[in-house]
Amino acid sequence: MSEPIRVLVTGAAGQIAYSLLLSITKGDVFGKDQPILLLLLDITPMLPVLEGVVMELQDCALPLLRDIVATDKEEVAFKDLDVAILVGSMPRKEGMERKDLLKANVAIFKSQGAALDKYAKKTVKVLVVGNPANTNCLIAAKSAPSIPKENFSCLTRLDHNRARSQVAIRCGVPATQVKNVIIWGNHSSTQYPDVHHCKVNMSGSELACFDAVKDDAWLKGDFIATVQQRGAAVIKARKLSSAMSAAKAICDHMRDIWFGTPEGEFTSLGIYSTGNSYAVPEDLIYSFPVQIKDKTWKIVEGLPINDFSRSKMDATAAELMEERDTAVAFLGV
């Protein structure tokens with residue numbers, strides 16, 4: 001057995017964390033021989049609920065779980081971290097303007113970024129899940145200047161999984177037969193699920209997605225809208241947000257960072273947009289196609305981009321620039 005790694009989950013009394021914590025602690029993410037010291041952070045009023053979560057984790061009698069620390073204090077939660085999964089954020093309430101939501105979240109992620117900077121290992125891998133995830137991730141990264149920006153990413157794997165699954169259902173194959181979908185841009189309704197480079201394995205032969213689906217109008221219309229609006233559709237049906245699928249996507253994202261992406265495949269991560277070949281503006285957290293090896297991501301460069309894709313990629317970048325400028329104004333930097 002190796003040394004335990006220190007893994008933080010924020011918003012730990014919430015419903016995404018409730019679906020997530022068992023997978024992390026039973027070895028689905030960091031490996032079946034990797035002990036874990038789990039740090040759970042939530043706001044003070046949620047500590048009694050968090051205590052119940054701790055009891056349940058103890059009652060699971062998990063062989064890899066070495067210790068659990070539940071706290072409302074950043075200096076305790078962020079100490080010597082190997083991994084930080086930042087799930088907790090201020091949710092949008094009815095009648096709340098987007099700029100009010102951004103302002104509340106800037107305060108949270110500025111504080112958590114500063115705590116990472118002060119207390120965590122410089123090698124810490126940070127995944128931001130709480131929405132607006134891209135901009136929250138950017139604020140956290142800017143507030144932790146001593147940690148490399150490439151250590152920060154935000155979750156677009158849920159959108160990636162949604163896109164992959166929609167194609168698989170349409171083609172009547174398991175989702176594992178669909179690879180190299182791309183989510184470009186923001187984890188919002190402007191994101192662009194792109195299948196121009198996607199391959200589908202049909203009866204043992206690999207086809208381009210457009211040839212496999214044989215319905216260009218659907219791929220350029222309802223497919224994109226379904227993926228963009230999926231979160232809202234789940235809330236409408238379930239009266240709660242997508243927690244199980246978000247937790248699964250967090251596990252997929254972190255496992256790929258830990259162990260790498262399969263040969264010849266890429267995934268989607270929201271990452272810092274410096275120096276890319278796709279003319280995405282600098283200084284954004286923007287979702288790109290990436291390959292991961294040795295815990296380091298690399299953008300998949302040189303994919304041809306047609307005019308249809310270009311316009312969608314630019315629209316989501318414009319939204320992200322507006323969000324960033326609003327958020328940075330609140331930061332006072």
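**Pockets in a predicted model**

Q: How do the residues lining the largest pocket split by class?
A: The lining has 18 nonpolar, 19 polar and nine charged residues. Keep in mind that this is a predicted model.

Q: How much space lies in that largest pocket?
A: About 1,600 Å³.

Q: And which residues lie nearest its centre?
A: Ser89, Pro91, Arg92, Gly130 and Asn131, out of 46 residues that line the largest pocket.

Q: Which elements give two or more residues to the lining of the largest pocket?
A: Four helices do: α1 (15-25), α4 (98-119), α6 (157-171) and α9 (222-238).

Q: Which one gives the most?
A: α9, with six residues in the lining of the largest pocket.

Q: OK, second largest pocket. What volume?
A: The second largest pocket comes to about 250 Å³. It is lined by 13 residues, and Thr261, Glu263, Gln291, Ile292 and Lys293 are the closest to its centre.

Q: Which elements give two or more residues there?
A: For the second largest pocket they are strands, β13 (285-293) and β14 (296-299). The largest share, four residues, is from β14.

Q: How do the residues of that lining divide?
A: Five nonpolar, four polar and four charged in the second largest pocket.

Q: Switching topic: what does the UniProt annotation cover?
A: The unreviewed UniProt entry places "domain: Lactate/malate dehydrogenase C-terminal" on residues 156-330.

Q: How far apart are the end C-alpha atoms of residues 156-330, and what is the helix and strand content?
A: The end C-alpha atoms are 25 Å apart, and the span is 47% helix and 20% strand.

Methods:
Residues numbered from 1 in each chain as written. Predicted model: local features only at pLDDT ≥ 70, side-chain atom pairs only at ≥ 80, totals over all residues. Heavy atoms only, no water. UniProt positions renumbered as here; feature names shortened; annotations may be inferred. 1 Å grid on protein atoms, 1.4 Å probe; cavity = no way out; pocket = protein on both sides within 12 Å on 5 of 7 lines; lining within 4 Å. Points joined across faces, edges and corners; volume = space filled by probe spheres on them. Nonpolar A, V, L, I, M, F, W, Y, C, P; charged D, E, K, R; others polar.
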